[in-house]
Number of protein chains: 2
Amino acid sequence: MNKGQLTRQRIIEIAAPIFNQRGYEGCSIQDVMDATGLEKGGLYRHFSSKEDLAAEAFKYALGQAVKLRTSHLGHLEGSMAKLRYIVENFVTAPSPMAGGCPLMNTALDSYDGNPVLRKLAARGLRDWKKRICEIVKCGIDNGEIAPATEPSRVANMLIATLEGSLMISRMEGTRDALRHAQTTLESVLDSIEMITKPS
Amino acid sequence: MNKGQLTRQRIIEIAAPIFNQRGYEGCSIQDVMDATGLEKGGLYRHFSSKEDLAAEAFKYALGQAVKLRTSHLGHLEGSMAKLRYIVENFVTAPSPMAGGCPLMNTALDSYDGNPVLRKLAARGLRDWKKRICEIVKCGIDNGEIAPATEPSRVANMLIATLEGSLMISRMEGTRDALRHAQTTLESVLDSIEMITKPS
């Protein structure tokens, strides 16, 4: 990275938690100027618009979250262990970015708002679902998971319950809802596991 | 209602979907002026501040949602029928307010934002959980629901899964995630139901 690229990356890293906490409309260029110590001209040398900066900030925030949630998955043996880890990791490891889950924040923030962010959030959701669906399919193929299991139902269930519980937990200021989600999702996962693995 | 009260109520009804769609920061007083056709002075005759108007708009939006979700509950016999109706109603009847569920929108919007709205959203969540907990407790008392059932776990599970699924459904533009939530939540509810009622 040259100096310009380093500065650009540093701006993204500083702007990401601000956008994640305040939303696109709630975060002004002035906020980013204050946090970075740069003048407006200095910011616009690296980004064509506020939208451009917000898009890069979201990609960075989501990348950090995906890294935290998936980096250990490759070390686990078997689909059921991976699915259980996804639940446990979400429940026990807080979002790496101030402001909570960037995907949920940006999804809600952009429904009726910025179309570029909405598209990026939709892609983030699609990728997350795809990762879970592939784990479920693999588990069906190797006889770990009941063949009648619908991968997209498992993906929707895990994501919906985890994100919804995170919302409740943040509002209540306790982790009760996340712990309740873990208990229930473990039962849901138990129900798709093949008791006797084919030899 | 006198004329002033009628005007105030009309402003709230017009502002509610705008705040629900765009969030507190994304909705300006100018937006409300444009939608109502009133001048700034006309608005501030009825509300002390933008925050005051946003708070009234949220209370109205939440009230409309609660009415849609609960008005039929009193006609149903038994706790299990009520819990199943809560799931079915959320899955099949869209939010009565443009922009989706006011509770989730305002919760996400106000985490790191407006404290008045955050307090109102937290109260809305608390009331919703309380309604579900009371139905579960009543079901335990009358032998419909397994005595070991933890009412707050059922409440957290229903709310988290429904709200999370709504988020996915809106992002995807399909109702798949909501339908998946219904299937899974019906199994969760089946698992707390007493098979044989005590005579």
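Before quoting a volume, I note what I count as a pocket: an open set of grid points with protein on both sides within 12 Å along at least five of seven lines. The volume is then the space filled by probe spheres set on those points. I also keep in mind that this is a predicted model.

I looked up the largest pocket and got a volume of about 370 Å³. Its lining has 23 residues, and B:Leu62, B:Val66, B:Gly124, B:Trp128 and B:Arg131 lie nearest the centre. I then checked which elements give two or more residues to this lining: helices H4 (50–70), H5 (79–92), H6 (102–110) and H7 (115–141) of chain B. By class, I find 13 nonpolar, four polar and six charged residues in the lining.

Interface. Next I went to chains A and B, where 38 residues of chain A are in contact with 38 residues of chain B. The two chains bury about 3400 Å² between them, with 68% of that on carbon and sulfur atoms.

I get two salt bridges between chain A and chain B. One I looked up is B:Glu172 with A:Lys129, at 2.6 Å from N to O.

Who supplies the chain A side? Helices H1 (3–26), H6 (102–110), H7 (115–141), H8 (151–172) and H9 (176–192) of chain A each bring at least two residues. H8(A) gives the most, with 16 residues. Sorted by class, I have 17 nonpolar, twelve polar and nine charged residues on the side of chain A that touches chain B.

Definitions and conventions: Residues are numbered from 1 along each chain as its sequence is written. Chains are lettered from A and ligands numbered from 1 in the order in which they are written. This is a predicted model: local features need pLDDT of at least 70, side-chain atom pairs count only at pLDDT 80 or more; totals for chains, interfaces and linings use all residues. Side-chain values use heavy atoms; hydrogens and water are left out. Contact means heavy atoms within 4.5 Å. Buried area is the accessible area (1.4 Å probe) that two parts lose on being put together, summed over both. A salt bridge is a side-chain nitrogen of Lys or Arg within 4 Å of a carboxyl oxygen of Asp or Glu. Helices (H or I, at least four residues) and strands (E, at least two) are DSSP runs, numbered from the N terminus. Ala, Val, Leu, Ile, Met, Phe, Trp, Tyr, Cys and Pro count as nonpolar, Asp, Glu, Lys and Arg as charged, and the others, Gly among them, as polar. On a 1 Å grid over the protein atoms alone, a cavity is a set of points where a 1.4 Å probe fits but cannot get out, and a pocket is an open set with protein on both sides within 12 Å along at least five of seven lines; lining residues have an atom within 4 Å of a point.
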